[in-house]
Amino acid sequence: MTTEQPGADAHTGPWERWGWLMAVVWMVFLVYPVLSLRGSDAELGWVVLGWTALITFAVVYVIGFVVGMRSAWGTPRPLVRTLFWVQIVCAIATIPAIETQALSFLPYLMSYASYGLRGMWHWVTTISGITLAAGVVLFSGQLEGHLQLLVVVVLIAVVNTVNTWLISRSVDADKVRMELATSDERASIARDVHDLLGHTLTAVKLKAELAERLVDVDPERAKAELAQIVHLTGEAIAGVRSTVTGIRGAALSDQLQASTTALESAGLQVRIEGDPTALSPAQSLPAGWIVRESTTNILRHARAQHVRITMAPGEVTIEDDGRGARGPAGSGLRGMSERAAAAGGVLVVEEASHGGTRVRVTW
């Protein structure tokens with residue numbers, strides 16, 4: 001039986017396609033009721049009924065096995081339960097022909113209940129199977145003939161109990177991992193949106209304030225600033241769409257250009273040193289986000305006049321001559337640190353030699 005999560009495709013994996021062979025292989029152990037039917041002294045009608053019930057049991061067991069494999073663990077389909085009762089009826093129907101040898105069906109019923117129905121069905125069938133087998137051994141007077149079957153039933157009960165417990169633990173662990181992955185992805189998306197919109201909205205605010213001051217004294221320049229606002233908001237919308245679809249971040253060179261434009265629009269002098277291609281593609285993506293977030297922080301908090309961005313193999317540094325880092329780290333700094341760590345880098349935020357802030361990420 002599989003342990004796939006609800007909603008998973010139940011027809012694509014090799015186990016789902018070929019797992020029914022396992023049920024067919026187990027049919028070899030029906031040789032015991034087959035031999036009992038061949039040597040039965042019961043009336044012909046009971047023997048015919050026994051053969052019919054045996055064949056029906058085998059077919060229903062395989063069908064139920066396949067259907068059960070394609071059910072999510074812990075939520076069996078109604079058909080699986082119906083086929084279980086059909087198997088019990090078939091096993092009972094063989095009793096007039098083979099008598100106590102009908103106990104040979106117990107391991108099948110116990111395993112079917114354990115892996116196909118699970119939970120309460122496992123425990124009820126397991127306890128009932130052991131009790132029935134032990135009762136037949138004690139009261140039939142055929143200790144030697146049924147003791148081996150009792151041992152098999154007990155072993156099957158132990159194996160099924162341990163296996164179903166391990167499978168349940170595995171399923172629970174998978175659910176926890178999925179929940180954690182979902183939580184991490186949500187946090188990542190929130191961080192990406194914060195990085196993206198925080199930078200863009202800060203630039204838009206500055207440009208809108210500038211356009212408001214210029215609308216009367218320099219209408220043409222005010223129009224240009226408004227056009228820039230339209231352009232920035234369009235980029236923000238595209239960036240959010242890219243983030244949601246998993247296409248996160250722009251190339252480092254594009255981000256350097258965008259940051260330079262935003263900083264210069266706010267009246268800061270920007271100096272770029274080094275070559276963006278000095279970083280590998282895997283380093284360029286998080287470096288671009290860190291440059292973006294640093295730019296946002298400078299525009300919001302630094303009150304700086306000069307900004308220098310330096311690139312070297314395995315390193316990016318952003319420095320400003322503002323008032324320096326103050327207060328506890330916000331979500332922006334935490335996001336940069338997490339992003340650098342996820343990319344195998346180390347982020348350091350420290351005071352620059354000239355009194356501002358230095359943000360450096362190294363690999």
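**Exercise 1.** Is Val31 buried, partly exposed or exposed?

*Solution.* This is a predicted model: local features need pLDDT of at least 70, side-chain atom pairs count only at pLDDT 80 or more, and totals for chains, interfaces and linings use all residues. Residues are numbered from 1 along each chain as its sequence is written, and side-chain values use heavy atoms, without hydrogens and water.

Step 1. Take the cut-offs: buried is under 20% relative accessible area, exposed over 50%, partly exposed in between (1.4 Å probe, protein chains only).
Step 2. Val31 has a relative accessible area of 35%, so Val31 is partly exposed.
Step 3. Helices are DSSP runs of H or I with at least four residues, strands are runs of E with at least two, and both are numbered from the N terminus.

**Exercise 2.** Which residues touch the most other members of the largest nonpolar core?

*Solution.* Step 1. Define the core: buried Ala, Val, Leu, Ile, Met, Phe, Trp, Tyr and Cys residues joined through side-chain atoms within 4.5 Å.
Step 1. Ile290, Ile298, Val316 and Ile318 lead among its 28 residues.
Step 2. Helix H12 gives the most to this core, with 6 residues.
Step 3. Inspect Ile298. Beyond four places in sequence, its contacts (heavy atoms within 4.5 Å) include Leu263, Val307 and Ile318.

**Exercise 3.** How many bridges join strand S4 to S5?

*Solution.* Step 1. Strands pair if DSSP finds at least two bridges between them.
Step 1. S4 (residues 346–351) and S5 are joined by 6 bridges and run antiparallel.
Step 2. Val349 stands opposite Val359 in S5.
Step 3. The hairpin has 5 residues between the strands, and Gly355 takes a positive phi near 100°.
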